[in-house]
Amino acid sequence: MRTGSGQAGDPAAAGQQAGPTLSSPPATTPLVAWHGDLAGWLDRLGWLRTLSDWLTAVLGPVRERHQDNLVLELLHGGRWVGHPLHPALSDLPIGLWAGVMVLDATDRDPAPRRGIDAAGMLSAAGILAAGATALTGLNDWTVSNDQDRRVGLFHGLLNTAALGLQGASLGTRVAGHRGTARALGAASFAVTAAAGYLGGHLVFTKGVMVSRVAWAIEPRRWTRALQEADLPDDSPTAVVAEGRQIMLYRHRGSLYAIDNICSHAGGLLSRGPVADLTVTCPLHGSRFALADGCVSRGPASQPQPVLPTRIRNGWIEVRGSQPTPRRPTKGRTQP
Ligand code: FES
């Protein structure tokens with residue numbers, strides 16, 4: 001992006017001569033801003049919003065009805081795997097179809113062949129893997145939110161198009177039209193790469209299915225959270241201690257403190273119901289034991305951090321992780 005003519009009298013040029021000022025941030029160029037603009041542009045597509053809303057209306061109630069279904073939880077990855085399955089599975093079709101591209105590029109035999117060759121085998125295996133990957137992706141999509149949901153839908157539509165192109169490529173390959181098969185395979189891989197880019201945006205930029213409490217360590221020392229008299233029994237209560245959001249809960253004299261930000265996608269646990277000392281996230285229904293944070297129902301796959309508590313001078317105090325010692329302690333265990 002041009003920011004000025006660079007000639008005398010041009011305010012931008014004058015600014016350059018005077019040197020950078022603290023009050024004027026550097027101009028953002030399209031080269032570094034396009035990915036954010038792309039997500040915003042996708043989010044504004046009217047037909048994508050309509051389709052997303054329609055799918056949500058159809059799939060939302062189905063998901064709610066089957067929230068306790070272990071197969072659905074396994075498709076997320078769930079507490080047994082410890083992280084989402086979809087990103088790991090997505091490597092399979094990408095890798096297999098990349099193999100097709102390499103074989104096609106290095107195959108010097110011009111004679112048309114009918115039947116399935118090595119590239120065809122990889123293509124077929126990638127199609128099977130893409131089916132499983134799509135299933136896990138659709139399942140994750142049902143527990144996404146807002147803009148992530150729209151971008152995620154576009155990511156899924158691109159992958160569906162890539163799957164269709166790869167299927168057509170395999171069909172023409174088996175029929176012996178190798179030139180057409182190669183062209184369709186290359187088109188499929190290009191669309192897969194675009195879809196993969198959007199998947200990367202969702203994970204690395206938006207943190208979809210990334211633990212929202214991975215960096216939750218505060219407070220480093222015992223910190224007052226709430227006056228003991230202000231905590232009602234059997235009622236989830238949100239407090240903030242040194243910037244960390246915590247849910248307090250007292251039941252029959254026992255006190256529990258758990259990170260209030262749901263590890264799955266940031267729902268506020270204090271707004272969810274508690275039964276049998278287990279809190280249910282109001283956003284997508286993950287359940288966590290108050291005593292140790294263990295997941296008893298997904299889509300969350302990571303335990304929720306719990307904090308030790310104590311009562312001092314009428315105050316409930318909480319503490320997060322302990323600071324790492326500056327040098328290794330010899331002959332002493334960590335407190
Ligand atoms: S935010 Fe999704 S289950 Fe809590």
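Which helix is Ser 169 found in? I looked it up in this model, which is a predicted one. Ser 169 sits in helix H8, which covers residues 146-174.

**Ser 169**

Ser 169 has 0% relative accessibility, so I noted it as buried. The cut-off for buried is under 20% relative accessible area. I then listed its contacts, leaving aside neighbours within four places in sequence. Ser 169 is in contact with Ala 181, Leu 184 and Gly 185. I noted that helix H9 spans 178-205.

**Gln 147**

I stayed in helix H8 and went to Gln 147. Is Gln 147 buried or partly exposed? I found 22% relative accessibility, so Gln 147 counts as partly exposed. Not counting residues up to four places away in sequence, Gln 147 touches Ala 39, Gly 40, Asp 43 and Lys 206. Gln 147 and Ala 39 are 108 residues apart in sequence. Their C-alpha atoms are 8.3 Å apart in space.

**Helix H2**

Ala 39 took me to helix H2, where it is one of the buried residues. Helix H2 runs over residues 30-44. Where does H2 bend? I found the bend at Gly 36, and its angle is about 35°. I wrote down the buried residues of H2: Ala 33, Ala 39, Gly 40, Leu 42 and Asp 43. What do these buried residues pack against? I found helix H3 (46-65), helix H8 and helix H9. Among the residues that Gln 147 touches, I had already noted Ala 39, Gly 40 and Asp 43.

**Surface patch**

I turned to the surface. Which residues form the nonpolar patch? I listed Leu 70, Leu 74, Trp 80 and Val 81. Together they have about 380 Å² of accessible area. Helix H4 (70-76) and helix H5 (78-81) each supply at least two residues of the patch. I picked out Leu 74, which is in helix H4. Leu 74 has a relative accessible area of 42%, so I noted it as partly exposed.

**Whole chain**

The chain has nine helices and 10 strands. It has 335 residues, and 37% of them count as buried. I looked at contacts between residues at least 6 apart in sequence. Of these, 60% join residues at least 24 apart. The accessible surface of the chain comes to about 18800 Å². Carbon and sulfur atoms account for 61% of that surface.

Notes
Residues numbered from 1 in each chain as written. Predicted model: local features only at pLDDT ≥ 70, side-chain atom pairs only at ≥ 80, totals over all residues. Heavy atoms only, no water. Helix = DSSP H or I, 4+ residues; strand = E, 2+ residues; numbered from the N terminus. Buried < 20%, exposed > 50% of the residue type's maximum accessible area, 1.4 Å probe, protein only. Contact = heavy atoms within 4.5 Å. Bend = angle between axes of the 7 residues up to and from the residue. Patch = residues over 30% accessible without salt bridge, like charges linked within 9 Å, V, L, I, M, F, W, Y side chains within 5 Å. Areas by Shrake-Rupley, 256 points an atom, 1.4 Å probe, with all protein chains shown as cover. Salt bridge = Lys/Arg side-chain N within 4 Å of Asp/Glu carboxyl O.
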